[in-house]
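Dear colleague,

My findings follow after them.

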Amino acid sequence: MAFRIPIYDSASTVAPVRSALEQAMLRVMDAGQFILGAEVEQFEHEVAEYLGVRHAIGVNSGTDALVIALRASGVTTGQVVATPAFSFFATPEAIASVGAQIDFVDINEATFTMDHTTLFDDRLGAGRAVVPVHLYGRPALTAMQVAQLRQQGAVVVEDCAQSFGARYPVSTGGGDTGQATSTSPRTGAAATAAAYSFFPTKNLGGMGDGGLVTTDDDQVAEMARALRVHGSRRKYHHEQFGYNSRLDSLQAAILRVKLPHVDEWNALRRVAGHRYADLLADCDGLVLPEITAEHVVHQFTVRVARGHRDRVQQVLAGEGIQSVVYYPVALDQQPVFGGPGAGLPRSDRASQEVLSLPMWPGISAQVQAEVASAVRSALRAARGPDGG
Ligand SMILES: Cc1ncc(COP(=O)(O)O)c(C=O)c1O
């Protein structure tokens with residue numbers, strides 16, 4: 001179904017840099033090197049500098065980045081890994097694929113990210129690992145909390161697929177006023193390793209699949225570089241099984257053009273987030289996300305209360321407005337993880353209430369006003385004449 005107002009407009013990060021993108025693609029075509037090579041090395045250098053880390057390793061996707069980051073960090077069979085029950089499936093899938101045992105943690109109602117208060121109990125003794133997810137672009141932990149977890153002996157692999165460019169806040173938690181300062185490190189920088197996705201709709205998106213592993217640890221970096229090329233450190237010599245997971249030169253060239261614009265694009269997303277918050281203020285039956293200074297608003301996700309979410313989505317679709325449910329089933333409830341079962345209450349509730357509205361850098365005030373007005377009438381329609 002074609003929507004009049006899509007959830008994301010890919011032109012928003014293409015049109016402003018179109019001729020630079022064309023030149024970059026032609027440069028790759030003329031150079032004739034299509035996998036890894038100089039273009040990827042230069043991107044890795046530039047993105048490492050931007051993210052404030054020593055090593056950046058380009059891989060095939062965000063999912064592969066998670067798998068490779070986990071394995072390179074030493075996470076292995078039987079190890080217990082805490083991760084939120086509310087994220088994209090790739091997060092626990094990657095943990096399961098390295099043979100580790102998942103300990104699903106509930107989320108914080110206000111932030112949609114992992115309830116960090118549960119991380120500092122017995123759950124996370126030495127030898128454990130944690131994979132926080134900066135869901136919808138909101139950082140899940142402060143740099144200090146990541147450092148504390150690591151001091152307790154935990155391996156921390158941050159899933160930064162939705163938070164490219166975000167900085168750690170000074171504090172986190174429901175309803176607090178944690179503010180990022182321009183000198184805070186970027187999310188992922190304090191972790192043992194971090195994983196990024198360059199899926200086209202991400203805050204830094206390519207024109208195909210792509211991902212990145214980052215780390216400050218030389219050994220983790222060396223292992224990640226080996227794992228992406230069939231586990232080999234020396235060509236045709238293999239001490240372990242790895243993957244065919246290389247970033248291609250065309251993606252690297254495209255990402256190099258877009259990288260210098262990400263901060264500006266993230267700022268535009270934040271402006272749009274605040275505008276939605278104004279337009280939808282005091283809307284009965286709607287809970288709005290808090291747009292903190294460090295939020296990069298990958299998604300603008302509201303909660304629609306009292307079981308009206310699906311009806312609201314339907315009404316919006318009837319108006320030609322796309323909205324998406326990220327994600328309709330909590331991860332521990334997925335059949336592959338043994339669900340459905342008792343569940344974690346806040347993750348379950350989120351899966352029934354969340355609705356993401358159209359969001360991209362530079363979405364116009366007029367489009368947002370149209371969306372907001374349609375949301376208000378959809379809520380009225382969903383509640384029916386008696387306001388139920
Ligand atoms: C939170 C999260 N983790 C991991 C991934 C996996 O990234 P990719 O689609 O590039 O494999 C995604 C993106 O879809 C994501 O949103």
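Leaving aside its neighbours within four places in sequence, which residues is Ala224 in contact with? This is a predicted model, and the answer should be read accordingly. In it, Ala224 contacts Ile57, Ile68, Ala69, Ala72 and Val213, once neighbours within four places in sequence are set aside.

Ala224 also belongs to the largest nonpolar core, which has 108 residues. Ala69, Val157, Ala195, Val213 and Ala224 are the residues with the most contacts inside this core. The element that gives the most to the core is α3, with 7 residues. Because domain 1 (10-261) and domain 2 (262-383) both give residues to it, the core lies between them.

The division into domains may be described next. The chain is divided into domain 1 (10-261) and domain 2 (262-383), and the centres of the two, taken over C-alpha atoms, are separated by 24 Å. Across the boundary, 34 residues of domain 1 are in contact with 29 residues of domain 2. On the side of domain 1 that touches domain 2, the residues comprise 18 nonpolar, 11 polar and 5 charged.

Ile7 lies in the segment before α1 (18-31). Not counting residues up to four places away in sequence, Ile7 touches Gln322, Ser323, Val324, Ser356 and Pro358. By contrast, Ile7 and Ala38 are 31 residues apart in sequence and 35 Å apart in space, C-alpha to C-alpha.

Finally, some figures for the chain as a whole. The chain contains 11 helices and 10 strands. Its radius of gyration is 21 Å, close to the 21 Å that the globule rule gives for 388 residues, so the chain is as compact as a globular protein of that length. The C-alpha trace spans about 70 × 55 × 40 Å along its principal axes. Of the 388 residues, 50% count as buried. Among contacts between residues at least 6 apart in sequence, 72% join residues at least 24 apart.

With kind regards

Conventions
Residues numbered from 1 in each chain as written. Predicted model: local features only at pLDDT ≥ 70, side-chain atom pairs only at ≥ 80, totals over all residues. Helix = DSSP H or I, 4+ residues; strand = E, 2+ residues; numbered from the N terminus. Contact = placed C-beta atoms within 7 Å. Core = buried A, V, L, I, M, F, W, Y, C linked by C-beta atoms within 7 Å. Buried ≥ 20, exposed ≤ 12 C-beta atoms within 10 Å, placed from the backbone. Domains from an automatic or database assignment. Nonpolar A, V, L, I, M, F, W, Y, C, P; charged D, E, K, R; others polar. Rg over C-alpha atoms; globule rule 2.2 N^0.38 Å.
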